[in-house]
Amino acid sequence: MFKTMYIITFLSVVLFNSKTSFGQGLKKELGICGKSASLILKLEAEKDPVITEAFLRDDEFCDNGRYEENANFILSFYNAQDKIVYDKHIFLNPLTFHEGFDPKAPTKFKNTKIIEGNSRIIKIPVSKEMGEVASYKIQSLEGKNKKAYDKKKIKW
Amino acid sequence: MKTSFKTLSVLTLLGLITPEARAQKFIIYTDESVVSKKSSEVVELMKKTYPFNKFNIEFEVVRVPSAELDCSSSLGIDRLVTCANSEEFQSRAMRAGGDQAMIIKDMSKWGGSAAVGGGVPVITTGTSARAMLHEYMHTLGLCDEYEYKAGEAEFYCSTEKSSPNLTFIKPKDKYSGDADARMRHMMQIPWYKDILPSTPITSGEVALGTGMVDFKKKAAPNSSDIGTILDSPAGLFRGRVCDKATPPIPSWHPGSASTIMDDVDAGLGAPLELIVERMLVSKGFKKKMEIDEPREPREINYPGEKESAAQVVVDPKPAEEVNDTGRNFFKSFFQWLVDLIQGIGRAISR
């Protein structure tokens, strides 16, 4: 009986993972996969973190990196009905390192200048069930207060 | 037997919800001439360096006019170069479906002595390709391990914020033993789970630290398919990054040798390999399967106009639209199985 069960589940994996199967649709419903939305998150000294650009592509994106190691921000996304539809834990180095090499030892660094502020590309899946992703909220995971910033609109 | 089939069934069911992963796409923007091949060097280096070589990373090299990069010396230091349009190129990469933008500036007059570790790592053609690896590791959150000058130490070390390869711990005057030091500091050591029970974090009877980082000894670059497990294991080694702060702040690293975060000629060393691999996995990088065929980087000439289509100059292996659903399934299933076994192994070893 267990052998039969195993064969059935094994075959169901084949069906589920095939690109044309119901599995792909289900993954989208679960919010794991969807259209690929790329965003740019920007940090500037003494300013709130902000998404400066957002771009939606038709190619499918399955988010395997929803919870990044050492994440310092949680990004929560809301649809037009103000319902939270996705969140992602991301790491963005708050510092930019400008580094020069030592002319006497060209593999060693010298004349480093560190400045506050940085930006990076973030991807999220946008499934049909999420509806239109209209706004976002950022929460810092650092510091005692774990500051939550105001909700902002996304300009696609 | 029944139980094992039960377990297998459950595991397979779990596989149902395992999503497919895609290759990460790095786009290198460069104004280098065709003769100069720094971008190819960077691609090759990242493709062969462990643990990056374990992951599916797709590279695209886009040639752009120099004026568009708009790179120059900056911050009042002649040998530092920044590119005014790096944000614009990050935006272009985002629109092209890229995950990471990088810039290689054709510039040798300053001996290639510039590199920027920000959202868009920048190196010059006169710089070692290994500098790009160093800069990309900054974007992952790793910190420098070389000694900062007083001015930078003042700014950087004031936060005393730990990172995956750096922590600041002021040693207590006395510890009753290694267990005592572990109890007091385990929460302050981001790589604590990588320190084996057999590796002490104290030396002698009372001093904190497995030892000092030996900056004369460089971790060997690793271009094999397996981690440098025979290298010295992770511990708590006294560094020097904030020694010139006022007052000096004791800094600690996981490795005993100089790594690429100190000297670009060095490798990552066993502890950083583990840390970087964990980060890449958490960011959704897809691990390669043996049957994955390596794809050559795409090279594109970008004519300059913002919205005009890019002209593909070299694309030796364009993506083929073939129905390989079965192959993909087995690839993802076995990858999932491999990841699961590795996960269990890691959990047990902890």
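This is a predicted model: local features need pLDDT of at least 70, side-chain atom pairs count only at pLDDT 80 or more; totals for chains, interfaces and linings use all residues.
1. Of the 156 residues in chain A, 37% are buried, and among the contacts with a separation of 6 or more, 54% join residues 24 or more positions apart.

2. One open sheet in chain A has three strands in the order 2-1-7, with antiparallel pairing. Strand 2 (50-62) and strand 7 (118-126) stand at the edges with a single partner strand each, so one side of each has no neighbour in the sheet. From one strand to the next, the twist averages 20 degrees.

3. The pairing of strand 1 (residues 33-43) with strand 7 of chain A is antiparallel and extends over nine bridges; within strand 7, A:Arg120 is the bridge partner of A:Leu41. Helix 4 (residues 86-95) of chain B packs on this sheet, where it touches strand 1, strand 2 and strand 7 of chain A, and its direction makes about 15 degrees with that of strand 7 of chain A.

4. The largest nonpolar core comprises 99 residues, and those with the most contacts inside it include A:Phe77 as well as B:Ile28, B:Tyr29, B:Met102 and B:Val276. Helix 8 (residues 269-282) of chain B gives the most to this core, contributing eight residues.

5. Leaving aside residues up to four places away in sequence, A:Phe77 touches A:Val85, A:Tyr86, A:Asp87, A:Ile124, A:Val133 and A:Tyr136.

Conventions:
Residues are numbered from 1 along each chain as its sequence is written. Chains are lettered from A and ligands numbered from 1 in the order in which they are written. A residue is buried if 20 or more other C-beta atoms lie within 10 Å of its own, exposed if 12 or fewer, and partly exposed in between; C-beta atoms are placed from the backbone. Two residues are in contact if their C-beta atoms, placed from the backbone, lie within 7 Å. A nonpolar core is a set of buried Ala, Val, Leu, Ile, Met, Phe, Trp, Tyr and Cys residues joined through C-beta atoms within 7 Å. Helices (H or I, at least four residues) and strands (E, at least two) are DSSP runs, numbered from the N terminus. Two strands pair if DSSP finds at least two bridges between them. Axes are lines fitted to C-alpha atoms, for helices over the stretch in contact, and angles run from 0 to 180 degrees between N-to-C directions.
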